[in-house]
Amino acid sequence: MSYLKSAWNGWGEFITAGKLAGVFLAALLFLLFQRKKVKQQTFLLYTTIAAVLCIFPVMAAILMLYQTIFFDYQWIWTMVPMTCFCAFAAVLFLEDHLKEYTSDKRVKAAVVLMLLGILAISSGLGKKAVDPKALTTGEVKTILTSVKENCADETVKLWAPEEVLAKTRALDGSIELLYGRNMWDNHLNAYAYDVYSEDLQEAHFWIEHTTWYERIPDDECLETVVNRGVNCILLPMEVREDSLEIFLTEYEKKAVLFEKYYLLTRIR
């Protein structure tokens, strides 16, 4: 199931890391429409099949299963010759539309080098925009102060969405976390095996998708956080009502913070 979830979300995450994927799809469409003029049919066929396998979630999950989860979704794209395919399509386009300018071999070589340079530069342009609704460091600090006030007599062990946990360790080292940033940022643990147990991974997935139909039973999430000693939870306001009721069997609702989170504390 974890492979399928990663594959389902993988394409969206992959195209935000750079613009090369968009250029590649444009090149693929161009050559498919012009396939009768393309002499390298094997190259075109292989690239098309490989791209289809990587984009569609079920087939992508199978590829990931074959490679093992040590290789994240983006690594299955190593089977697709994206850069050379884009350059190939660009050269054919120029030859077809600018024949009078491309008869000179030196001009052709210059065009190829220019296109490769453009592709190399464009691969780093897909940075994620800053979400204006995201919590600022100051807002997170205020939330953590309120959390500690509601758990004044004991050490706080917190479970919350990524945007809070990502700043918590830097702002207050006394607060224990159910898991850290390396839960969702594999670069921090160098893609090591078995960093977190399956129940923690499922809990992380659930709290980041609280409005979805329950992919995993909420009572399993409750059991996980209770057994691991969590005494404070920041539950998103968008949480389903039936899900909230399940958590209120073990935790009590203290406050609504910034109109984004319920603060739940463990009943002792």
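Predicted model: local features only at pLDDT ≥ 70, side-chain atom pairs only at ≥ 80, totals over all residues.
In β5, the residue that E252 takes as its bridge partner is T265, and T265 in β5 is also the bridge partner of C232. Residues are numbered from 1 along each chain as its sequence is written, and side-chain values use heavy atoms, with hydrogens and water left out.

Strand β4, residues 251-257, runs antiparallel to β5 and is joined to it by six bridges, and β3 and β5, also antiparallel, are joined by five bridges; two strands are said to pair if DSSP finds at least two bridges between them, and strands here are DSSP runs of E with at least two residues, helices being runs of H or I with at least four, numbered from the N terminus.

How many of the six residues of β5 are buried? Five are, so the strand, residues 261-266, is largely enclosed by the rest of the structure; buried means under 20% relative accessible area, exposed over 50%, and partly exposed in between, with a 1.4 Å probe and protein chains only.

Turning to N231, this residue lies in the loop between α10 (218-227) and β3 (232-236), and it counts as buried because its relative accessibility is 2%. The side chain of N231 reaches the backbone nitrogen of K157 at 2.8 Å.

Notes:
Polar contact = N/O pair within 3.5 Å; in protein donor to acceptor, adjacent residues only side chain to side chain.
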